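Me: I am new to reading protein models, and I would like to go through one feature at a time. Could you give me the general idea first and then the case at hand?

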Amino acid sequence: MSSCSRDLTVHQRIHTVEKPYECKECKKRFSRQKHLKEHQRIHTGEKPYECQECRKSFSRSGHLLIHQRIHTGEKPYKCKYCQKTFSQHCHLKSHERVHTGEKPYECKERNRSFSLNKHLMKHQRTHIGEKPYECQECKKAFTSHDGLKLHQRTHTGERPYECTECKKAFSSHRCLKWHQRTHTGERPYECTECKKSFYYKENLIVHQKAHTGERPYECQECRKTFSALASLKVHQRIHTGEKPYECEECRKTFPYKNSLVHHQRTHTGEKPYECQECKKRFSCKKTLVIHQRMHTGEKPYECQECQKAFSQQRLLKVHQRIHTGEKPYECQECRKTFSHLRSLKVHERTHTGEKP
């Protein structure tokens with residue numbers, strides 16, 4: 001048989017769906033003998049194609065070619081929408097769905113669709129509860145291999161993704177991308193209501209609830225409600241007394257991470273926030289904002305009773321005690337109460353005899 005006739009015969013199998021070559025191990029059938037031979041290497045473990053750079057071997061020549069692009073940096077597949085390039089055609093096709101919005105993989109349970117088959121498979125495991133990837137260290141299980149790999153870095157301490165600006169390292173590429181926005185100032189997630197923008201999508205979702213008024217998370221202790229689960233968890237530390245963040249210098253503990261960061265600056269002396277008016281520096285951004293009101297005269301906190309305005313919320317709360325009659329500070333000697341801590345301190349000297 002001539003080569004042309006043979007090629008025609010092989011081609012016609014596309015239409016006839018004929019698959020004359022059968023694997024003796026698993027009975028899977030193929031239209032070409034070449035494809036059968038490649039398949040049989042799954043059973044034999046044969047990997048005849050070796051990379052000359054790193055000696056990694058492959059069962060197919062095509063897989064070796066794709067792998068070699070890691071060493072050469074070749075990316076022959078270009079996106080027609082944004083000119084981004086890829087080393088594999090399948091990666092290009094997946095990427096282009098970002099532009100087209102195509103989501104060909106559909107979950108029959110929830111009528112939800114996905115741009116990648118692996119995302120659909122991962123999602124389907126939420127319905128059946130399957131978590132096939134288990135950590136050998138702590139036996140925690142995951143729905144995806146990527147989730148397991150990321151988790152394992154909590155045990156190994158591996159942080160393979162480094163910021164080129166400040167050399168800070170991260171355990172995941174996503175965390176690195178988020179961090180880099182602190183350098184670039186990029187805020188890609190914008191609220192359609194007020195045009196405020198955010199570094200992270202999760203922050204935008206929480207913010208949008210401020211417009212809808214939705215607060216689905218309730219504290220079982222005091223019935224206070226929150227728009228975000230994270231906010232509820234932080235709030236609950238008021239009731240539990242939990243202080244999970246510890247200073248390495250003095251072992252003082254804090255309920256919030258940002259409180260620890262601010263405290264640590266008392267040891268380092270760091271004051272990263274500078275007033276552009278008077279060049280005075282501050283260890284915490286909130287203190288800078290309050291200070292700047294001295295220059296601008298801004299008083300955003302107004303008493304609803306008498307319309308008097310204040311530069312700080314703390315000062316408004318103290319002032320409101322004039323109207324409410326609240327006196328939260330009590331002398332332990334005579335039980336007399338005061339609306340200001342300063343007034344209590346002055347009073348206590350009448351018992352101690354202390355002279356200021």
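Reply: What follows is a dialogue on how to read this structure, from the whole chain down to single residues. This is a predicted model, in which local features need pLDDT of at least 70 and side-chain atom pairs count only at pLDDT 80 or more, while totals for chains, interfaces and linings use all residues. Residues are numbered from 1 along each chain as its sequence is written, and side-chain values use heavy atoms, with hydrogens and water left out.

Me: How many helices and strands does the protein chain have?

Reply: Helices (H or I, at least four residues) and strands (E, at least two) are DSSP runs, numbered from the N terminus. In the protein chain they come to 13 helices and 24 strands.

Me: What radius of gyration does the protein chain have, and what would a compact globule of 356 residues have?

Reply: The radius of gyration is taken over C-alpha atoms, and the globule rule is 2.2 Å times the number of residues to the power 0.38. For 356 residues a compact globule would come near 21 Å, but the protein chain has 32 Å. The box that its C-alpha atoms fill, taken along the principal axes, is roughly 115 × 45 × 45 Å.

Me: Which share of the contacts joins residues at least 24 apart?

Reply: A contact means heavy atoms within 4.5 Å. Among contacts between residues at least 6 apart in sequence, 1% join residues at least 24 apart.

Me: What part of the 356 residues is buried?

Reply: By relative accessible area, buried means under 20%, exposed over 50%, and partly exposed in between, with a 1.4 Å probe and protein chains only. Buried residues make up 20% of the 356 residues in the protein chain.

Me: What does α12 look like when it is read in the same manner?

Reply: Helix α12, residues 313-324, also has twelve residues, which should span 16 Å, and its end C-alpha atoms are 16 Å apart, in agreement. Its residues L316, H319 and R321 are buried, and the buried residues of α12 pack against β21 (301-302), β22 (309-310) and β23 (329-330). Just after α12 comes G325, with a positive phi of about 80 degrees.

Me: Is R97 buried or exposed, and why?

Reply: R97, which is found in helix α4 (residues 89-100), is buried because its relative accessible area is 17%. Not counting residues up to four places away in sequence, R97 touches E102, P104, Y105, S115 and L116.

Me: Where does S227 lie, and what is it in contact with?

Reply: S227 lies in the loop between β16 (225-226) and α9 (229-240), and at 17% relative accessibility S227 counts as buried. Leaving aside neighbours within four places in sequence, S227 is in contact with V206, K209, E214, R215, P216 and Y217. One of these contacts, K209, is also among the buried residues of α8.

Me: How should I read K196, which is in a loop?

Reply: K196 has its place in the loop between β13 and β14, and with a relative accessible area of 47% K196 is partly exposed. Beyond its neighbours within four places in sequence, K196 is in contact with Y189, E190, C191 and H207. K196 and Q208 are twelve residues apart in sequence, and their C-alpha atoms are 10.0 Å apart in space.

Me: Which residues other than glycine have a positive phi?

Reply: Among them are V17, with a positive phi of about 60 degrees, and K167, with phi near 70 degrees. V17 is found in the loop between α1 (3-16) and β1 (21-22), and counts as exposed at 58% relative accessibility. K167 is in the loop between β11 (161-162) and β12 (169-170), and counts as exposed at 53% relative accessibility.

Technical notes: The expected span of a helix is 1.5 Å times one less than its number of residues.
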